[in-house]
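Open the structure in your viewer and keep the selection tool at hand. We will go stop by stop.

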Amino acid sequence: MENLMLIENGLIKVYKTDKGEYVVDGRELWKGLESKQDFSTWVKKRLSDCDAVENEDYSTLHKKMERQILIEYIIKLDTAKEMAMLEHNEIGKQYRRYMINVEKKYQKGETAKKVESDAAKEELAKAKLKNANARIANICLKIAEQVPVQEYKQIMYSKATEVL
């Protein structure tokens, strides 16, 4: 990522381009949002969902890595916020809020903070815990649907409720 200046190093690194635009690394966004899809599939789908236009909402860089070429995506903050929102989970909401706050901060002309606050770390941990609990409850419900004994079904339904 050439000609990018790191301005925030919180939930996700936010950079400023030489044109004054705020951007994030698509691969870092994908990792932070904990998507289960492979990066290439996820980023293409999310950019398509946002109706993002190359060289307007995002740009690509081609990196040679041994025998393959990796495509890196540099995504403008507005598009990244929309991509985070499309995850429909607590982590996505947290990332979106974080990027909104970064944008507000720099619109006001405040100086950059390179260290993530304890409050932001705690919020992210809470969001990850909520997502984990939702996945556990979902697994319990799937098990309940496959168990033939009504008593065991009820136990799994109760466990799903308890987790949530």
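Start with the largest nonpolar core, which has 30 residues. Select Val14, Leu29, Tyr95 and Met99, the members that touch the most others in this core. Now colour the elements that each supply at least two of its residues: strand S3 (22–25), H1, H2, strand S5 (68–76), helix H3 (77–85), helix H4 (90–107) and helix H5 (118–146). Stay on H4 for a moment, as the largest share of this core, six residues, comes from there. In soluble globular proteins, nonpolar side chains tend to be buried together.

This is a predicted model. Colour by pLDDT next. The chain mean is 86, and 92% of the residues reach 70 or more. Then select residues 111–116, where pLDDT stays under 50. The model has 17 contacts for this stretch beyond four places in sequence.

Go back to Val14. Which residues does Val14 contact, leaving aside neighbours within four places in sequence? They are Met5, Leu6, Ile7, Glu8, Tyr22, Val23, Val24, Leu77, Tyr98 and Val102.

Now pick out a second, separate core of six residues. Select Cys140, Ala144, Met156 and Ala160, which are among its members.

Last stop: Ser35. Look in the loop between helix H1 (26–32) and helix H2 (39–49). Is Ser35 buried or exposed? Ser35 counts as buried because its relative accessibility is 16%, and buried means under 20%. Show its contacts: Ser35 touches Trp30, Trp42 and Glu87, not counting residues up to four places away in sequence. Finally, find the backbone nitrogen of Gln37, 3.2 Å from a polar atom of the Ser35 side chain.

Notes
Residues numbered from 1 in each chain as written. Predicted model: local features only at pLDDT ≥ 70, side-chain atom pairs only at ≥ 80, totals over all residues. Heavy atoms only, no water. Helix = DSSP H or I, 4+ residues; strand = E, 2+ residues; numbered from the N terminus. Buried < 20%, exposed > 50% of the residue type's maximum accessible area, 1.4 Å probe, protein only. Polar contact = N/O pair within 3.5 Å; in protein donor to acceptor, adjacent residues only side chain to side chain. Contact = heavy atoms within 4.5 Å. pLDDT = per-residue confidence, 0-100. Core = buried A, V, L, I, M, F, W, Y, C linked by side-chain atoms within 4.5 Å.
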